[in-house]
Amino acid sequence: MPSSGERAAYWRASGLAVEAMDARFEQYAYPMHAHDTYSFGITDDGAQSFVCRGERHVSAAGLIMAFNPDEPHNGQSAVHDGYRYRMLHLGEDLVRETLDDAAPGRAGAAPLPARWWTTGPWPDTWPASTPRSRRTHPDWSSRNGSPPPCWP
């Protein structure tokens, strides 16, 4: 992957709990953080490493990641040349409403299983103890200075 620096761009859908990000990082490392949304991403180029659910994972080009709301994770490049990825953050209420529309009579969005790409029973309800804190973005200034510049 040719070097092109650190950059990220964010988009929000007006009136919806939808946010998207397109980013490319070589050196930037996310500290441990969480989102109050379901988060789905794809690594487009390179590879990224992250810790989630107590284990280190690597997402190489073409692989998909998924996180439950309020699920702590971090992230950094797993290769010398960095990585490029896209994320889609969907609010829990939006996911619940979409699932309710798709399957009348089945209420609630279920958390993703520990290994979401495998088969297995999905829990019927979201745990009542799950915090609903607002931690949408990591604290850019805590370890890495200012945020990467946005793409045009």
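Helices (H or I, at least four residues) and strands (E, at least two) are DSSP runs, numbered from the N terminus. On that basis, the chain described here has 2 helices and 8 strands, and its elements run β-β-β-β-β-β-β-β-α-α from the N terminus on. The model is a predicted one, in which local features need pLDDT of at least 70 and side-chain atom pairs count only at pLDDT 80 or more, while totals for chains, interfaces and linings use all residues. Residues are numbered from 1 along each chain as its sequence is written, and side-chain values use heavy atoms, with hydrogens and water left out.

**Overall burial and contacts**

- Of the 152 residues of the chain, 40% count as buried; buried means under 20% relative accessible area, exposed over 50%, and partly exposed in between (1.4 Å probe, protein chains only).
- The chain exposes about 8700 Å², of which carbon and sulfur atoms supply 57%; accessible areas come from the Shrake-Rupley method with a 1.4 Å probe, and for residues only the protein chains shown count as cover.
- Among contacts in the chain with a separation of 6 or more, 64% are accounted for by residues 24 or more positions apart, a contact being heavy atoms within 4.5 Å.

**Nonpolar core**

- The largest nonpolar core has 13 residues, and Phe-25, Tyr-30 and Tyr-85 touch the most other members.
- Two or more residues of this core come from each of β2 (18-25), β4 (37-52), β6 (64-67) and β8 (83-91).
- A nonpolar core is here a set of buried Ala, Val, Leu, Ile, Met, Phe, Trp, Tyr and Cys residues joined through side-chain atoms within 4.5 Å.

**Aromatic pairs**

- A search of the whole structure finds 7 aromatic pairs; rings of Phe, Tyr and Trp (its six-membered ring) pair if their centres lie within 6.5 Å, and planes under 30 degrees apart count as stacked, over 60 as edge-to-face and the rest as tilted.
- The ring centres of Phe-25 and Tyr-85 are 6.4 Å apart and the ring planes stand at 50 degrees, so this pair is tilted.
- This pair links distant parts of the chain, with Phe-25 in strand β2 and Tyr-85 in strand β8, 60 residues apart.
- Phe-25 is buried at a relative accessible area of 0%, and Tyr-85 is buried at 4%.
- Tyr-83 and Tyr-85 also form a tilted pair, since their ring centres are 5.4 Å apart and their planes are at 40 degrees.
- Tyr-83 is buried, with a relative accessible area of 0%.
- One aromatic cluster is formed by Phe-25, Tyr-28, Tyr-30, Tyr-83 and Tyr-85.

**Salt bridges and a buried polar contact**

- The structure holds 7 salt bridges, each defined as a side-chain nitrogen of Lys or Arg within 4 Å of a carboxyl oxygen of Asp or Glu.
- Arg-24 and Glu-26 form a salt bridge in which the closest N and O atoms are 3.3 Å apart, and both residues are buried.
- Arg-86 and Asp-44 meet through their side chains in a salt bridge (2.7 Å, N to O).
- Arg-86 lies in strand β8 and Asp-44 in strand β4, so this pair ties together parts that are 42 residues apart in sequence.
- Arg-86 is partly exposed at 39% relative accessibility, and Asp-44 is partly exposed with a relative accessible area of 27%.
- A further salt bridge joins the side chains of Glu-92 and Arg-96 (3.1 Å, N to O).
- Because Glu-92 and Arg-96 are 4 residues apart in helix α1 (residues 92-102), about one helical turn separates them.
- Glu-92 is buried at a relative accessible area of 10%, whereas Arg-96 counts as partly exposed at 26% relative accessibility.
- Asp-22, in strand β2, is buried with a relative accessible area of 10%.
- The side chain of Asp-22 makes a polar contact with the side chain of Arg-84 (2.9 Å); a polar contact is a pair of N or O atoms within 3.5 Å, where within protein one must be able to donate a hydrogen and the other to accept it, and residues adjacent in sequence count only if both atoms are side-chain atoms.

**Positive phi in loops**

- Most residues other than glycine have a negative phi.
- Arg-53 is partly exposed, with a relative accessible area of 31%.
- Asp-70, likewise not a glycine, has a positive phi of about 60 degrees and is placed in the loop between β6 and β7 (73-77).
- Asp-70 is buried, with a relative accessible area of 9%.
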